[in-house]
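Here's a quick walk through the model, helix by helix and then pair by pair. Have a look at the fold first, then read on.

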Amino acid sequence: MSALRVFLVVLFGVLVLFQTMSLPGQFAHMAKESPQDAYLRWPATIVTVFWVLCVQVVIVATWQLLSLVKNDRIFTAASLKWVDAIVWAIAAAWLVLVGVFLYVGFNANDPGLPLLLFLLTVGVTVLGLLMVVMRALLRQATTLRTDMEAVI
């Protein structure tokens with residue numbers, strides 16, 4: 001678990017760097033290089049920074065769930081709120097991704113980027129649905145543990 005925590009911290013730090021420097025700088029550079037697409041600079045920056053924020057929410061929630069596991073409190077109502085945070089972050093990212101996919105799909109003149117966005121949309125959909133299933137399993141296990149404690 002400590003190795004996972006180390007990599008969560010590293011990932012969070014790299015994402016903060018991307019959010020504050022890399023992504024805004026990249027889209028500013030692209031606007032200078034392709035003035036005809038400069039109008040996309042701020043929407044692209046906002047969308048990508050939002051996606052990074054969604055990943056950061058998942059990282060924080062995962063950290064909290066690891067703490068609950070460590071303290072043997074994973075099968076409590078407290079864990080469900082953190083899993084809900086993960087589900088909602090994935091849902092928010094998915095919703096924006098679908099919007100980007102539709103915008104690009106209707107405005108693209110070659111199929112490469114729309115296909116890539118479709119693949120990402122399917123992947124995020126699977127991840128979100130997997131988290132919904134995991135949440136249901138956690139809820140059942142929490143109920144079972146509560147019932148078992150009541151019997152004992």
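Let's start at helix 1, which covers residues 2-33 and holds Val10; helices here are DSSP runs of H or I, at least four residues, numbered from the N terminus. Before going further: this is a predicted model, where local features need pLDDT of at least 70, side-chain atom pairs count only at pLDDT 80 or more, and totals for chains, interfaces and linings use all residues. Residues are numbered from 1 along each chain as its sequence is written, and side-chain values use heavy atoms, leaving out hydrogens and water.

Val10 has 45% relative accessibility, so it counts as partly exposed (buried is under 20% relative accessible area, exposed is over 50%, partly exposed is in between, with a 1.4 Å probe and protein chains only).

**The core**

The largest nonpolar core has eleven residues, including Leu65, Ile74, Val83, Ile86 and Met131. A core here is a set of buried Ala, Val, Leu, Ile, Met, Phe, Trp, Tyr and Cys residues joined through side-chain atoms within 4.5 Å. Helix 2 (41-70), helix 3 (77-107) and helix 4 (112-151) each put in at least two residues, and helix 3 gives the most, with five. A separate core has seven residues, among them Leu15, Leu23, Phe27 and Leu66.

Which residues does Leu65 touch, not counting those up to four places away in sequence? They are Ile74, Ser79, Trp82, Val83 and Ile86, where contact means heavy atoms within 4.5 Å.

The cover over the buried residues of helix 3 includes helix 2 and helix 4. For helix 4, what covers the buried residues includes helix 3.

**Salt bridges**

Side chains of opposite charge can pair when their charged atoms come close. The rule used is a side-chain nitrogen of Lys or Arg within 4 Å of a carboxyl oxygen of Asp or Glu, and the count comes to three.

| Pair | N to O distance |
|---|---|
| Asp72 and Arg145 | 3.2 Å |
| Asp84 and Arg135 | 2.2 Å |
| Arg145 and Glu149 | 3.4 Å |

Asp84 in helix 3 and Arg135 in helix 4 link distant parts of the chain, 51 residues apart. Arg135 is buried, because its relative accessible area is 18%, while Asp84, at 23%, counts as partly exposed.

Asp72, Arg145 and Glu149 form a network of salt bridges. Arg145 and Glu149 are four residues apart in helix 4, so about one helical turn separates them. Glu149 counts as exposed at 51% relative accessibility, and Arg145 as partly exposed at 27%.
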